[in-house]
Amino acid sequence: AYTDYEHSEIDVVEVGTTFKNESIESRLWGEHVAVFGWKGVLGLHYNNSDFEAIGEEAFTPPTKTDSLALFLMEERQTGAFIWQIGTRIEQVTHTVNNDFFAARDPQQSIAFADTDYVALSGSAGVVYKIDSDNTLAFNYAYSERAPSASEFFSYGPHIGSGTYEIGGGFEITNNNDQQTVVQTANDMDKEVSNNVDLSYRFNTDDLNASVSIFHNQVDNYIFEDFTNLVFSDGGLVSSQVFADQVATWGESADEAGGLPVVVFAQQNAKLYGYEAQIDWHLNDHWRIEAFTDYTRAKLASGLNVPRIPPMRIGSSAHYESGNWHTEMEVIRNSKQDKIAMNETDTRAYTMVSASANYYLALD
């Protein structure tokens, strides 16, 4: 697969920032004959990405990322049990263009060497077929993930999220209330995840249903941590200083254009929750779907992980006849008050959508 992507963000008539990403992805795999009852696939996965952002609103430097992975997946059936195992080892290299930092902060000599990571993952699971309709599944997965280029090298305003982002390759120093972003001597660690999930599935010709519960312990979890700083007038100031500036300028905070500062931090985290869904074909024309999901996420410090969605519950009705397909969906998003520092509560809301489609035959 080859992708050559480019888009420009235009302010009235002028191009503000142009984003480019050229990538090549390839996968080579082969299925082997059964060995002691085990059937499986052995393969290679290669990905090369050349990302570049040009303009005042660029918040990450041009970066080339290469990854090469070797993977193996195996499966064996014994009676009512299906046993599954898998493993993957991946080499990831980020090569950054340091000219970006010279333009962003000419007062400092910021230069990153190539960053290399080796990530190892593995999983083991079993599926128990209780009868023709009922299935129980258990899975354990150990996975390592290398930090992305944006998580490591970000340094600038991210207008899409309304924040000023600082990657894990930097730290903020405070000298007599003067905030300065400097390159850190420490590398970001890989995320290391241990995940356990248990699922029950019910499948017939007319009804499909499933429910899953999961628990995920993640060491060195990477997240965007809101600081008590604001990027304003070309520098970092405390939120209180920014509020005083706004009062002096006689403007609102939005008019002043300050951006809250977030840093990519790491801390152990625990995530758990559930997912459930049902798909019921009432007859040849009517079908009803319903779902719910919930994730609870806490850091080792006891604080909540930022930017976690609340519990959802939804349902949709579908009607199909000939070339017509119509549907109506209602999704209820609960209030989210289990928030991180410097976040605000999100009120509950309901989203209703409807659509009608007519499919044209092209033959």
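**Ground rules.** I worked from a predicted model, where local features need pLDDT of at least 70, side-chain atom pairs count only at pLDDT 80 or more, and totals for chains, interfaces and linings use all residues. Residues are numbered from 1 along each chain as its sequence is written, and side-chain values use heavy atoms, with hydrogens and water left out.

**Whole chain.** I started with the secondary structure and found four helices and 19 strands in the protein chain. Here helices (H or I, at least four residues) and strands (E, at least two) are DSSP runs, numbered from the N terminus. The C-alpha atoms fill a box of roughly 70 × 55 × 50 Å along the principal axes. Of the 363 residues, 32% count as buried; buried means under 20% relative accessible area, exposed over 50%, and partly exposed in between, with a 1.4 Å probe and protein chains only. I also looked at contacts, meaning heavy atoms within 4.5 Å. Among contacts with a separation of 6 or more, 59% join residues 24 or more positions apart.

**Salt bridges.** Side chains of opposite charge can pair when their charged atoms come close. I called a salt bridge when a side-chain nitrogen of Lys or Arg lies within 4 Å of a carboxyl oxygen of Asp or Glu. How many did this rule give? The count came to eight salt bridges.

I then went through some of them:

- Glu90 pairs with Arg88, with 3.7 Å between the closest N and O atoms. Glu90 counts as buried because its relative accessibility is 18%, while Arg88, at 26%, counts as partly exposed.
- Asp279 pairs with Arg287, and their closest N and O atoms are 3.5 Å apart. Both Asp279 and Arg287 are buried.
- Glu289 also forms a salt bridge with Arg287, this one with the closest N and O atoms 3.4 Å apart. Arg287 has 16% relative accessibility, so Arg287 counts as buried; Glu289 is partly exposed at 25%.

Elsewhere, salt bridges that share partners join Arg145, Glu151 and Glu191 into one network.

**Asn203.** Next I looked up Asn203, which lies in strand 12 (residues 191–203). Is Asn203 buried or partly exposed? Asn203 is partly exposed, because its relative accessible area is 35%. Leaving aside neighbours within four places in sequence, I found Asn203 in contact with Ser132, Asp133, Asn208 and Ala209. I checked Glu275 as well: Asn203 and Glu275 are 72 residues apart in sequence and 17 Å apart in space, C-alpha to C-alpha.
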